[in-house]
Amino acid sequence: MPPNFLPSSIVRAEGLEKTFATAGVGPGVPAVQAVDLDVARGEFVAITGASGSGKSTLLHMLGGITRPSAGRVLLEDTDLAALDDDGLAAIRRRRIGFVFQRYNLLPELSLEENVALPLVLDGATAATCSEAAREALAAVGMSHRAAHRPDALSGGEQQRGAIARALVTSPAILLADEPTGALDSVNSANVLALLQSLVRDRGQTVILVTHDPGIAAAAGRIVRMRDGRIVEIVPGGSAACATEAAPR
Ligand SMILES: Nc1ncnc2c1ncn2[C@@H]1O[C@H](COP(=O)(O)OP(=O)(O)OP(=O)(O)O)[C@@H](O)[C@H]1O
Ligand SMILES: [Mg+2]
């Protein structure tokens with residue numbers, strides 16, 4: 001069994017590779033190579049590394065946005081490679097939450113309507129949508145701004161809203177690509193603390209991509225990438241705290 005595997009995994013990458021074709025300008029870009037990774041249920045993992053090291057490409061493969069050139073991703077009991085495009089879209093909609101650097105909230109909708117959108121698109125009843133949206137907004141501490149449109153909110157508040165939108169389907173995994181990249185240091189710290197609380201209080205599995213070592217240190221485990229490969233996996237700050245707090 002490859003070395004990075006854990007017993008109670010929720011997502012597992014096996015021999016994952018991605019080479020991007022470059023239409024006549026060379027042999028293609030090997031963005032991710034030979035990645036084996038196992039993430040346990042309720043774990044907070046940071047993927048870090050320099051620009052171009054393959055972090056986003058790996059995250060997109062874990063989340064079924066990008067199909068690997070080789071290898072496979074298992075999400076709980078589902079082999080993503082075995083799904084057709086519609087099946088993959090359904091998994092992305094229902095079992096995976098995405099958060100990006102840009103919040104991408106729709107300006108003409110209220111925050112609550114934005115948060116409810118994934119369920120609306122999935123055909124849930126109005127009552128289910130609004131109940132789940134309110135619960136997700138409460139989880140990110142934004143209930144008091146539910147009726148506001150995104151342009152009335154700060155960047156940090158919009159990102160909290162985007163996290164609520166990602167949580168509204170109760171996804172198996174929350175994937176976040178540089179979620180603090182557009183925020184100042186205070187709002188970055190708030191969003192990071194929110195992600196930590198989702199892991200701690202709700203058992204949410206979170207995989208966070210960041211080029212910032214200070215942000216990565218908040219995770220339980222840090223995966224370092226270089227030139228498309230995992231070069232190191234080390235415990236992060238929250239794992240260290242947990243170890244210190246444990247009875248001897
Ligand atoms: N669609 C694409 N077509 C061709 N090459 C790509 C494509 N997407 C990514 N790449 C290349 O793959 C490599 C890894 O890119 P990736 O976006 O995963 O890096 P990253 O670690 O997320 O970088 P950053 O910190 O700048 O976001 C880079 O060399 C990049 O240029
Ligand atoms: Mg990236």
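Me: What pLDDT does the protein chain average?
Reply: This is a predicted model, in which local features need pLDDT of at least 70, side-chain atom pairs count only at pLDDT 80 or more, and totals for chains, interfaces and linings use all residues. Residues are numbered from 1 along each chain as its sequence is written, while chains are lettered from A and ligands numbered from 1 in the order in which they are written. pLDDT is the predictor's confidence in each residue, from 0 to 100. At least 70 is reached by 93% of the residues, and the chain average is 92.

Me: Which element gives the largest share of the shell around ligand 1?
Reply: A residue is near a molecule if its C-beta atom, placed from the backbone, lies within 6 Å of it. The residues around ligand 1 include Phe20, Val29, Lys55, Ser56, Thr57 and His211. Helices (H or I, at least four residues) and strands (E, at least two) are DSSP runs, numbered from the N terminus. The largest share, three residues, comes from α1.

Me: How many of the eight residues of helix α1 are buried?
Reply: A residue is buried if 20 or more other C-beta atoms, placed from the backbone, lie within 10 Å of its own. Among the buried residues of α1 are Lys55, Thr57 and His60. Helix α1, residues 55-62, is mostly covered, and its buried residues number seven.

Me: Which strands stand at the edges of the sheet?
Reply: Two strands pair if DSSP finds at least two bridges between them. Four strands form an open, antiparallel sheet in the order β2-β1-β4-β5. Each edge strand has a single partner, so one side of each is left without a neighbour in the sheet; these strands are β2 and β5.

Notes. Buried ≥ 20, exposed ≤ 12 C-beta atoms within 10 Å, placed from the backbone.
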